[in-house]
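Subject: A structure for you to look at

Hello,

Here is the structure I promised to pass on. Please open it beside this email and follow along as you read.

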Amino acid sequence: PWGQPVDVIMNGEYQGSYQLCDQITIDPHRVDITEMEPTDTEHPAITGGYLVEIDAYAKEEEPQSWFTSSRGIPVTIQEPDEDGIVPAQYNYIKGFFNEMESRLFSSNYIDPEMGYRSRLDLESFLKHFIIGEFAGNLDTYWSVYLYKDRYEDIFHVGPCWDFDLAFDNAR
């Protein structure tokens with residue numbers, strides 16, 4: 001994402017240096033997934049596009065916009081947003097996430113059809129993991145975006161985000 005460091009001065013008093021940056025958006029040049037409508041409640045329309053975040057602060061969100069997975073992972077549904085998501089979409093993406101998680105922890109986890117690779121794009125996951133490790137990003141595992149487009153049966157990991165605690169900046 002684009003970013004610019006800025007010094008903030010309010011009422012003539014220096015408030016500190018901050019990072020002003022873009023937000024993650026659904027757009028052909030950003031996260032290129034189908035934008036959902038509240039009427040997208042039947043197959044295949046209900047299958048996407050979704051943008052979710054494994055989010056340590058999910059519980060601070062509105063109830064209709066987050067869930068705890070069957071393994072206790074807090075997940076915020078970013079798109080459709082809290083004003084646009086309907087119960088059928090909420091239930092679909094929660095179920096899909098739980099299925100992916102279940103396949104990851106199953107005894108068949110390496111099976112190409114029954115394991116996690118059938119629901120999680122390994123290449124995007126590994127790229128995200130390597131970038132997070134390279135940057136020493138403490139948020140690599142608690143601020144992770146995943147997206148799923150319509151007609152796909154797989155989560156992609158990304159975009160990489162939230163580097164405020166990276167590059168030894170957590171002190």
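Is Asn137 buried or exposed? Asn137 is buried, because its relative accessible area is 6%, and buried means under 20%, with exposed being over 50% and partly exposed in between (1.4 Å probe, protein chains only). Asn137 sits in the loop between α2 (122-135) and β6 (143-148). Helices (H or I, at least four residues) and strands (E, at least two) are DSSP runs, numbered from the N terminus. Neighbours within four places in sequence aside, Asn137 is in contact with Gly132, Trp161, Asp162, Phe163, Leu165 and Ala166, where contact means heavy atoms within 4.5 Å.

Before going further, a word on where this comes from: it is a predicted model, in which local features need pLDDT of at least 70 and side-chain atom pairs count only at pLDDT 80 or more, while totals for chains, interfaces and linings use all residues. Residues are numbered from 1 along each chain as its sequence is written, and side-chain values use heavy atoms, leaving out hydrogens and water.

Now to helix α1. Its 18 residues should span 26 Å at 1.5 Å a residue, and the end C-alpha atoms are 26 Å apart, which agrees; the expected span is 1.5 Å times one less than the number of residues. Among the buried residues of α1 are Tyr90, Tyr92, Phe96 and Phe97. What covers the buried residues of this helix includes β3, β4, β5 and β6.

Next, the rings. The structure holds eight aromatic pairs; rings of Phe, Tyr and Trp (its six-membered ring) pair if their centres lie within 6.5 Å, and planes under 30 degrees apart count as stacked, over 60 as edge-to-face and the rest as tilted. The Tyr50 and Tyr92 rings are stacked, because their centres are 5.7 Å apart and their planes are at 20 degrees. Tyr50 belongs to strand β3 (residues 50-55) and Tyr92 to helix α1 (residues 87-104), so this pair ties together parts that are 42 residues apart in sequence. Phe67 and Tyr90 make an edge-to-face pair, 6.2 Å centre to centre with 85 degrees between the planes. That pair also links distant parts of the chain, with Phe67 in strand β4 (residues 66-68) and Tyr90 in helix α1, 23 residues apart. Both Phe67 and Tyr90 are buried. Ring pairs join Tyr50, Phe67, Tyr90, Tyr92, Phe96, Phe97 and Phe155 into a cluster.

Finally, the charged side chains. How many salt bridges are there? The count comes to five, a salt bridge being a side-chain nitrogen of Lys or Arg within 4 Å of a carboxyl oxygen of Asp or Glu. In one of them, Asp40 and Arg150 meet at 2.9 Å, N to O. Asp40 is in the loop between β2 (13-21) and β3, and Arg150 in the loop between β6 and β7 (156-157), so the pair ties together parts that are 110 residues apart in sequence. Asp40 and Arg150 are both buried. Glu99 forms a salt bridge with Arg103, with the closest N and O atoms 2.9 Å apart. These two are four residues apart in helix α1, so about one helical turn separates Glu99 from Arg103. Glu99 is partly exposed, at 29% relative accessible area, whereas Arg103 is buried, at 14%. Salt bridges that share partners join Glu99, Arg103 and Arg119 into one network.

Happy exploring!
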